[in-house]
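Subject: Structure handover

Hello,

Here is the structure I promised to pass on. Please open it next to this email.

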Amino acid sequence: MQVQTFQIQIPESLSLKLDSLLDEVKNLKENLQQPAVTKYLTRHQVAEMLHCDISTVHNMTVKGILQKYQISGRVLYKLDEVEQSIVKLQK
């Protein structure tokens, strides 16, 4: 069985439009961001991260400095919220 090849002549205007479309698709692909995945920490991980005791994490939660989340009795904290709770001090 022989394979036949064909040559197709595409008008230059169509070829330019196809090239432009391919460039746009490449740009969209490069700029497409993956949805951010929320990372959760346990109380112990937060205490370790902040170099403090777990009771300090509890006290910061009671004072509203940290926001806790719960699933099946397990207390969790969002990493980005813990990081945002850290404030810069003025000199």
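Below is what was found, grouped by element.

One caveat before the details: this is a predicted model.

Now the pairings themselves. Strand 1 and strand 3 (residues 74–78) are joined by 3 bridges and run antiparallel. Y40 has K78 in strand 3 as its bridge partner.

Strand 2 and strand 3 make a hairpin with 2 residues between the strands. S72 sits in that loop. Its phi is positive, about 50°, although S72 is not a glycine. Is S72 buried or exposed? S72 counts as exposed, because its relative accessibility is 79% and the cut-off for exposed is over 50%.

**The aromatic pair**

How many aromatic pairs does the count give? The count comes to 1. The rings belong to Y40 and Y69, with centres 6.4 Å apart and planes at 75°. The pair is therefore edge-to-face, since planes over 60 degrees apart fall in that class. Y40 lies in strand 1 and Y69 in strand 2, 29 residues apart, so the pair links distant parts of the chain. Both tyrosines are partly exposed: Y40 has 39% relative accessibility, and Y69 has a relative accessible area of 27%.

The loop between helix 2 and helix 3 holds H51. Phi of H51 is near 55°, a positive value in a residue other than glycine. At 74% relative accessibility, H51 counts as exposed.

**Helix 3**

Which residues of helix 3 (residues 54–62) are buried? They are V57, M60 and T61. These residues cover an arc of only 100° around the axis, so they sit on the same side of helix 3.

T61 is in helix 3. Its relative accessible area is 14%. T61 is therefore buried, as the cut-off is under 20%. A polar atom of the T61 side chain lies 2.8 Å from the backbone oxygen of V57. What does T61 contact once its neighbours within four places in sequence are left aside? T61 is in contact with L66, K68 and Y77.

T56 is also found in helix 3. T56 is partly exposed, at 32% relative accessible area. Just after helix 3 comes G64, with a positive phi of about 90°.

N27 is found in helix 1 (residues 12–31). N27 is partly exposed, with a relative accessible area of 43%.

Here are two C-alpha to C-alpha distances for your notes. N27 and E83 are 32 Å apart in space and 56 residues apart in sequence. T56 and E24 are 52 Å apart in space and 32 residues apart in sequence.

**To look at on screen**

- The ring pair of Y40 and Y69, with planes at 75°.
- The T61 side chain, with a polar atom 2.8 Å from the backbone oxygen of V57.
- The positive phi values at residues other than glycine, including H51 and S72.

Best regards

Key:
Residues are numbered from 1 along each chain as its sequence is written. This is a predicted model: local features need pLDDT of at least 70, side-chain atom pairs count only at pLDDT 80 or more; totals for chains, interfaces and linings use all residues. Side-chain values use heavy atoms; hydrogens and water are left out. Two strands pair if DSSP finds at least two bridges between them. Helices (H or I, at least four residues) and strands (E, at least two) are DSSP runs, numbered from the N terminus. Buried means under 20% relative accessible area, exposed over 50%, partly exposed in between (1.4 Å probe, protein chains only). The arc is that of the directions from the helix axis to the C-beta atoms. A polar contact is a pair of N or O atoms within 3.5 Å; within protein, one must be able to donate a hydrogen and the other to accept it, and residues adjacent in sequence count only if both atoms are side-chain atoms. Contact means heavy atoms within 4.5 Å. Rings of Phe, Tyr and Trp (its six-membered ring) pair if their centres lie within 6.5 Å; planes under 30 degrees apart count as stacked, over 60 as edge-to-face and the rest as tilted.
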